[in-house]
Amino acid sequence: MIHLLFSFIIFNLMQLSTSPLPAMDLDFEKPGKKARYQVGEEEEETPPTTFMERLPRDIILDILSKLPVTSLVQFRFVCRGWRMLAQDPLLPSMHLSRTAQENPCLILHCDYPIRNQLSFLDISSSDNREKETVRKFSTPFWDSMPEFEVVGSCNGLLCLADSLYKDAVYVYNPFTRDYKQLPKSMQYPDQEVVFGFGFHPMTEVYKVVKIVYYRNGYGRLSQLRRFTCSQSEVQVLTLGRSPTWRSLGKVAYQLDRWPSEALVSGRLHWVTRPKRYVTRFIASFDLADEQFREVPKPNCGGLSRSNYHLLVLKGCLSAAVYRSNGKLEIWVMKEYDVKESWIKEFSIGAHVPKGLKQDLKGLYKILGNALKGRGVRVLCQLKNGEILLEYKGRALFSFDPERRKFKDLTLNGSPNWFQAFVLVGSLNWIDTITDK
């Protein structure tokens, strides 16, 4: 019965537009579209008129929670009754818990001058990833923040920061277009900012972490300012009805200015900056007690001499380590905070996607710090076991560790260069949990 209803919903969703779903621009909240289904103040509620609306609530939630987020968003615009069904307060958490077990979406951030662009690639329900269609988002706060960085993602939410001045910060669900501008925090001259964004399952709150490095006084900026910033301050904001920034004082670590992509056990993770005669290590920030701690690093030959980044694979803290011979190793901490549990899970050889074998030296001059010197970035592990990777901000490809084979992804509508972020597509929003 459930399978028949599921097929019925999918069939109706595919009839919503005269153009195929992959060709749509996900600007669902344009004037006219939203007002079309709004209930007037004097309009009376009408009883359910469709078979879907007459189903028991638990069955409706079970069906809707199995839909991809793009179909679920469109479901809201079929009719007024279906829109009310999709507004069930239990649906976001149910949908998130199920989609977290599927392949995620990929957010592609293109740092076009003057106006940045966010696009997405839905691989959650795709079996053939050799050819994918990229769709654009219409960012609702572009007028106030046209240039931004993606500084974190968690539970379907993005954290975006002004790339020019670092004073504006937004939390944004690109699928529902819900967003919140956070209050501005203390600014310092010649400051450099490291962000973190995450959710702790025990406290059930979202927090934004802002680590500011700055110099005393005013003066000419040094090209090596990241090594000369002698002062620091940790600022934390708890999302909710009345969010405010709190200062936690100084931090003893010089953290790498790279988005915190590893949220494990309610703790954000960064790599410390490379410095002469100083060993690099992994630092974490607990979102519950708001304390920094050092996390054991893998025995992979000395991280101080390696270019690497952190990520999460199958819920485990992982490190992608780049070797001088062009190979990439992926180390996984099977038991959190236990040094002996680090194992080398994957070893990936060098690969250049088809059509990108030309010299990209000119492109690196354009990208500047966007790539941080990383030629290949590990994004995630798919349900079929393949590893998804980004190549120099130009292409995506996957690696099958069983067959030792590479597969290039053809992206229709993709920007010329981008930075990819893993995101679980959902209807989730801050108020779903924090404002009970």
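Phenylalanine 406 counts as partly exposed, at 28% relative accessibility. The model it belongs to is a predicted one.

**Aromatic pairs**

- Phenylalanine 406 pairs with phenylalanine 399 in a tilted arrangement, with 5.0 Å from centre to centre and 45 degrees between the planes.
- Across the whole structure, a search finds 17 aromatic pairs.
- One of these is edge-to-face: the rings of tyrosine 253 and phenylalanine 292 have their centres 6.0 Å apart and their planes at 75 degrees.
- This pair joins distant parts of the chain, as the two residues are 39 residues apart.
- Tyrosine 253 lies in the loop between strand 12 (245–247) and strand 13 (262–264), while phenylalanine 292 belongs to strand 16 (residues 292–295).
- Tyrosine 253 has a relative accessibility of 19% and therefore counts as buried, the limit being under 20%.
- Tyr253 and Phe292 are also members of one aromatic cluster, together with Trp270, Phe281 and Phe285.

**Charges over rings**

- Arginine 273 places its charged end over the ring of tyrosine 213, at 4.8 Å from the ring centre.
- Arginine 377 lies over the face of phenylalanine 421, and here the distance to the ring centre is 6.0 Å.

- Histidine 95 is part of helix 5, which covers residues 91–99.
- With a relative accessible area of 0%, histidine 95 is buried.
- Its side chain reaches the backbone oxygen of leucine 67 at a distance of 2.7 Å.
- Leaving aside residues up to four places away in sequence, histidine 95 touches Leu64, Ser65, Leu67, Pro68, Val69 and Leu72, and also Gly425, Ser426 and Leu427.

**The chain as a whole**

- The protein chain has 436 residues, and 52% of them count as buried.
- Its secondary structure consists of seven helices and 25 strands.
- Among contacts in the protein chain with a separation of 6 or more, 57% are between residues 24 or more positions apart.
- The protein chain has an accessible surface of about 21000 Å², and carbon and sulfur atoms account for 50% of this area.

Definitions and conventions: Residues are numbered from 1 along each chain as its sequence is written. This is a predicted model: local features need pLDDT of at least 70, side-chain atom pairs count only at pLDDT 80 or more; totals for chains, interfaces and linings use all residues. Side-chain values use heavy atoms; hydrogens and water are left out. Helices (H or I, at least four residues) and strands (E, at least two) are DSSP runs, numbered from the N terminus. Buried means under 20% relative accessible area, exposed over 50%, partly exposed in between (1.4 Å probe, protein chains only). A polar contact is a pair of N or O atoms within 3.5 Å; within protein, one must be able to donate a hydrogen and the other to accept it, and residues adjacent in sequence count only if both atoms are side-chain atoms. Contact means heavy atoms within 4.5 Å. Accessible areas come from the Shrake-Rupley method with a 1.4 Å probe; for residues, only the protein chains shown count as cover. Rings of Phe, Tyr and Trp (its six-membered ring) pair if their centres lie within 6.5 Å; planes under 30 degrees apart count as stacked, over 60 as edge-to-face and the rest as tilted. A charge sits over a ring if NZ of Lys or CZ of Arg is within 6 Å of the ring centre and within 35 degrees of the ring normal.
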